[in-house]
Protein chains: 6
Amino acid sequence: MSMNNLGIVKRNIVRADEAAVAKLSRFGVASIHEAMGRVGLMKPYMRPIYTGANVCGTAVTVLVHPGDNWMLHVAAEQLRPGDVAVVACTTDNEDGMFGDLLATSFRARGGLGLVIDAGVRDVKDLTAMQFPVFSRAISAKGTVKATLGSVNVPVVCAGALVNPGDVVVADDNGVVVVPAAVARQAADAAEAREANEADKRAKLAAGVLGLDMYKMREALEKAGLKYVD
Amino acid sequence: MSMNNLGIVKRNIVRADEAAVAKLSRFGVASIHEAMGRVGLMKPYMRPIYTGANVCGTAVTVLVHPGDNWMLHVAAEQLRPGDVAVVACTTDNEDGMFGDLLATSFRARGGLGLVIDAGVRDVKDLTAMQFPVFSRAISAKGTVKATLGSVNVPVVCAGALVNPGDVVVADDNGVVVVPAAVARQAADAAEAREANEADKRAKLAAGVLGLDMYKMREALEKAGLKYVD
Amino acid sequence: MSMNNLGIVKRNIVRADEAAVAKLSRFGVASIHEAMGRVGLMKPYMRPIYTGANVCGTAVTVLVHPGDNWMLHVAAEQLRPGDVAVVACTTDNEDGMFGDLLATSFRARGGLGLVIDAGVRDVKDLTAMQFPVFSRAISAKGTVKATLGSVNVPVVCAGALVNPGDVVVADDNGVVVVPAAVARQAADAAEAREANEADKRAKLAAGVLGLDMYKMREALEKAGLKYVD
Amino acid sequence: MSMNNLGIVKRNIVRADEAAVAKLSRFGVASIHEAMGRVGLMKPYMRPIYTGANVCGTAVTVLVHPGDNWMLHVAAEQLRPGDVAVVACTTDNEDGMFGDLLATSFRARGGLGLVIDAGVRDVKDLTAMQFPVFSRAISAKGTVKATLGSVNVPVVCAGALVNPGDVVVADDNGVVVVPAAVARQAADAAEAREANEADKRAKLAAGVLGLDMYKMREALEKAGLKYVD
Amino acid sequence: MSMNNLGIVKRNIVRADEAAVAKLSRFGVASIHEAMGRVGLMKPYMRPIYTGANVCGTAVTVLVHPGDNWMLHVAAEQLRPGDVAVVACTTDNEDGMFGDLLATSFRARGGLGLVIDAGVRDVKDLTAMQFPVFSRAISAKGTVKATLGSVNVPVVCAGALVNPGDVVVADDNGVVVVPAAVARQAADAAEAREANEADKRAKLAAGVLGLDMYKMREALEKAGLKYVD
Amino acid sequence: MSMNNLGIVKRNIVRADEAAVAKLSRFGVASIHEAMGRVGLMKPYMRPIYTGANVCGTAVTVLVHPGDNWMLHVAAEQLRPGDVAVVACTTDNEDGMFGDLLATSFRARGGLGLVIDAGVRDVKDLTAMQFPVFSRAISAKGTVKATLGSVNVPVVCAGALVNPGDVVVADDNGVVVVPAAVARQAADAAEAREANEADKRAKLAAGVLGLDMYKMREALEKAGLKYVD
């Protein structure tokens, strides 16, 4: 067993079940995260680079070094239709590792979007392309191509563990990772969760209080809540 | 006298004078803040979740714990038409404590908006609802309902003291708190301040310098400013 | 030789060649930054206050103190058509030093925009005016006019050295500074760089990999990259 | 009623009861904070400038502007034996507003220490003097004396409301504010809390688990905790 | 397969080989990190709470919620001699989750130290006990015991994946995680790496340049380095 | 004229006058910074890695890339007795670029210390060596040697412009840069400034107020300060 995975490109990865991914794509990040028991979220500094950006696909993971985007070119070749590139960096870095040229290449390979714990550039062009990107920063800072990282090894991206082939879902609420093995289960749970949202919304809109709808009054009283005038 | 206000909901609060609130709603946050002598501002990390969000109303204050939005449900019942919920947290936290369901409930109770020193989610839905929210973060991170906080006690929100019933005004420039007792006075002062802005703008547009319009040259010279070639 | 430049306004500065500025204005910040050898960028916390803001002009530099915008009024008089005000502060500060009134004044003097390592306010109005501003923060916090800084001395703004008369280019990717003496050279290099971008984009869109287009495979192999299944 | 308190020095303030302050000085910040129901803490970025610094006294509050320490000189005159100066700033600022000269002056007036939501300098000298300071930063950055703030008005310092005369307790765990009116009550509660700490410590040292000592097992089981092998 | 690991305590974990742990304890974090190929490091915000703190042991992992330290009590029971508790939180949080009482309990169980991506308190007492703690913050903020997390599930702590039983090594340079399966291999590699450090140090102390000792001159020249006068 | 200085090592630089450096070494950073008119300070995140670290010498400047310390080896050869290495990075980076081996090499060349806008490691060893280092972070993160930067070009380090040969002074208060051309003048001004500090300290210790010693009362009254009871 090797101590580390640097300098490795894994070509054959097991992607999450296509139907499960399709089903997950119908639900929001918040619902999926709640349905999974409130796990799997990336940190909230990961934001879409344009309003309305969203994506759901299978992860091709990339591990890069600060200021070096060499592995993104290596990763392009590993993308298949339906994939989302997920880029982690060995240390905090905001350099602009990705722009409209790489987006063009990723899209040509079938890549659906990018989740990157570093910076990107060409926001205007990426918006025009409607190529969804979730990043920690926007920066014009150029990068070198000098040091090996890896492709399709397990990575920690923005605080979340991502294995190649996992499902990555991203929308206005953030980015959530669904392990491939539980993709179907998570989709079903998210479906169940969203099912009664419309009903709840109607009740709340009619003036019913969450205190009553969720039957919280007894628990609050037991906890010692006091109403005073 | 109790040492702390945890676990308390105060039902009857003295809200700022309605006419004063109405008058304040005509002015911007910067004008009101300047008119009050440059006090009462929340920290600039409090930003609107969509472009154009703005709100002016009386504060129903909420004190919550990190990762726990139980008190927001308790607060919903205390909202009256014209109120803005102002949420402080006992420690720095960015979890997504508020989304479109709570917004629906708040609006049904007459709530005009939310100012929260924590995270929110469902930005897309809240934007569609045009429900103004000012927060420190956007996050899908779900919260529990386990620990008591309080409603309508004095809180420190984003660095500003807010008493229940105070006026809270928020726009593209940030969030300012106007104590209920000086709401009318602040509105009058803001009115006076904005009154001659149009005149100033016209002069500046015509090429008059602030140096001359504000008669700064003498003070600058006295302070020792030197012009060199 | 004076130890410092505080309290000084330099009236006659050597601005970069007009034709070079005009040529630079045709290229993006990322291209210019790359063309110059990846130097001259301000830190990525400098962001446009509205989507689409961009500017290219000659720098009139301003050094201010925290919470004090007096020197911005002094700077207004030094602006000539084609200038961009570049404001550095003696310490980190996010106060709202600039709003629509000063923007009106700057524009009346021929000023094209503002780059400020501090806060600004009136984002809605500045957007309506389409007056491009790049800042570290948005804040309603008012400022005093009490302490001398300087105009047209060398400053460090957001990590970049700016001499008066240098070219400042800002767009969705950030802000780059081009020393006046190399403005023409940088414009030529940026032109050369952008020249073959269309060709590259077409190839990548057709599915050609960067690995092949940039001939990276040999270098990657030499560096030890291993493909595994 | 005035809208703001800028430019005011209140000379006569009601200080917390001397005996209560003396009693509070025997307990730690964590104990007092817990005893008060987990309120009153300043944010954890407030740290002692040397190991072992601690102080307990009555607050003389100071409101200053960024980069301006004029009011600290005004505050020196208001200090009485047993006071601690508590400095809030109208905006985030790390400038070095306080050093060994002001410490000498404060001590000569009976001042016991300083809590400042800004920067200080002369750490080596202050350590040699054993003058306890809790600050957000250490910085050599000099300040001006140009703009009025206030002394002995209510301030928000590092997220905590401080009224003049309140008790401020600071040690290796941070800074807590005890309102003057509940100082005795808080001291008693802290005493009760610390009373059985020795007993708890002995039990835990003997290998008794908190699970048993605090009788948590039932609650954990009810909450659904599962032990697996 | 369960979607998440919340509410679970795994009792039987496979700890890294004892001899490998013992060998690893002889080397520094930087050497081990380098020996492993520069992977496994926690983020540098994880710092020792006192100078000289260091620890090497097998991880008992804990997943907690913000502001809630209930699971630390559950974890105490799972500690065996030679273990280090590694605490991750579901969201960024700096509350003081651990103090001298829990340290006493951990030590009584054989626990060697604590690595926690949250806050701790009682630094003075922990220093007196010489109980090594590496944390992201120091804070007196008290926590509740209300929500289940887990013990001995895989966690991401300060950016590093930690599986129960992995070796955690911490010293003045930071915290590194060594997967149990490669602990021996990492120890051997670290040994090899440190073996010739003394020799290198002697050469450098004698004035030999790294340029020559590491034979860098040719590579630098090839890369285009130019010496000018 | 070249657009950038990447890939260049300047061998002959003009160092500040030796006597001026010697004189500056007698004064503190705060005094020198004040004496120069409050300019030249690096940002306060630059902190000594051990208590008591201080250094005064002539700058050999180094420009590096994130995660790459190759140029530090190149710089070692350019150090002469009395020099301090000043390292700037092209982007924010906290990797551990420097440790006890490089310190041994620098010291063998006559280097007195290091000021680095990045991370360092081996704090314990560097403390034992009493090799003064001022950095933005401590990190075990290893670096590569792959990309050219430069030595002895002008750099912006932690917000301050540093030209090779300038005097760099660092102590518990931070780091200040004195341009070579004004080193003597700054030393004289600092001397004058410190001359009457002892006198001031004695007066303040005797209870004289700064209000009187600095004759501030009239200015405060003119500014509108009001004393109330």
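These entries follow the order in which I looked things up.

**Entry: what kind of model**
I noted before anything else that this is a predicted model.

**Entry: chains A and C**
A turn of 120° with a shift of 0.0 Å along the axis does it, and the RMSD is 0.0 Å. So the two copies are related as by a three-fold rotation axis. Which residue of chain C comes closest to the rotation axis? I found that it is Thr51(C), with its C-alpha at 6.3 Å.

I checked two pairs of chains for contacts. Chain A and chain D do not touch, and their nearest C-alpha atoms are 13 Å apart. I found no contact between chain B and chain F either; their closest C-alpha atoms lie 13 Å apart.

**Entry: a strand in chain F**
I went on to β4(F), residues 83-89. Is this strand enclosed or exposed? I counted 7 of its 7 residues as buried, so the strand is largely enclosed by the rest of the structure. Asp83(F), Ala85(F), Val87(F) and Cys89(F) point one way, while Val84(F), Val86(F) and Ala88(F) point the other way.

Next I looked at what pairs with it. Strand β3 of chain F, residues 55-64, runs parallel to β4(F) and is joined to it by 7 bridges. I saw Val62(F) standing opposite Val87(F). From β3(F) the chain passes through helix α3 (residues 70-78) to reach β4(F), in a right-handed β-α-β crossover.

I then turned to strand β5 of chain F, residues 113-120, which pairs with β4(F) in the parallel sense over 4 bridges. Here the bridge partner of Val87(F) is Ile116(F).

**Entry: cysteines**
Cys56(C) counts as buried at 13% relative accessibility, and Cys157(F) counts as buried at 0%.

**Entry: one asparagine**
Last, I looked up Asn152(E), in the loop between β7 (150-151) and β8 (155-157) of chain E. Asn152(E) is buried, with a relative accessible area of 3%. Its contacts include Ile13(E), Ala59(E), Gln78(E) and Pro164(E). A polar atom of its side chain lies 3.0 Å from the backbone oxygen of Lys10(E).

How values were computed. Residues are numbered from 1 along each chain as its sequence is written. Chains are lettered from A and ligands numbered from 1 in the order in which they are written. This is a predicted model: local features need pLDDT of at least 70, side-chain atom pairs count only at pLDDT 80 or more; totals for chains, interfaces and linings use all residues. Side-chain values use heavy atoms; hydrogens and water are left out. Copies are superposed by least squares on the C-alpha atoms of residues with pLDDT of at least 70 in both. Helices (H or I, at least four residues) and strands (E, at least two) are DSSP runs, numbered from the N terminus. Buried means under 20% relative accessible area, exposed over 50%, partly exposed in between (1.4 Å probe, protein chains only). A polar contact is a pair of N or O atoms within 3.5 Å; within protein, one must be able to donate a hydrogen and the other to accept it, and residues adjacent in sequence count only if both atoms are side-chain atoms. Contact means heavy atoms within 4.5 Å. Two strands pair if DSSP finds at least two bridges between them. A crossover is right-handed if, with the strands pointing away from the viewer, the path from the first strand over the helix to the second runs clockwise. Lists of a residue's contacts leave out its neighbours within four places in sequence.
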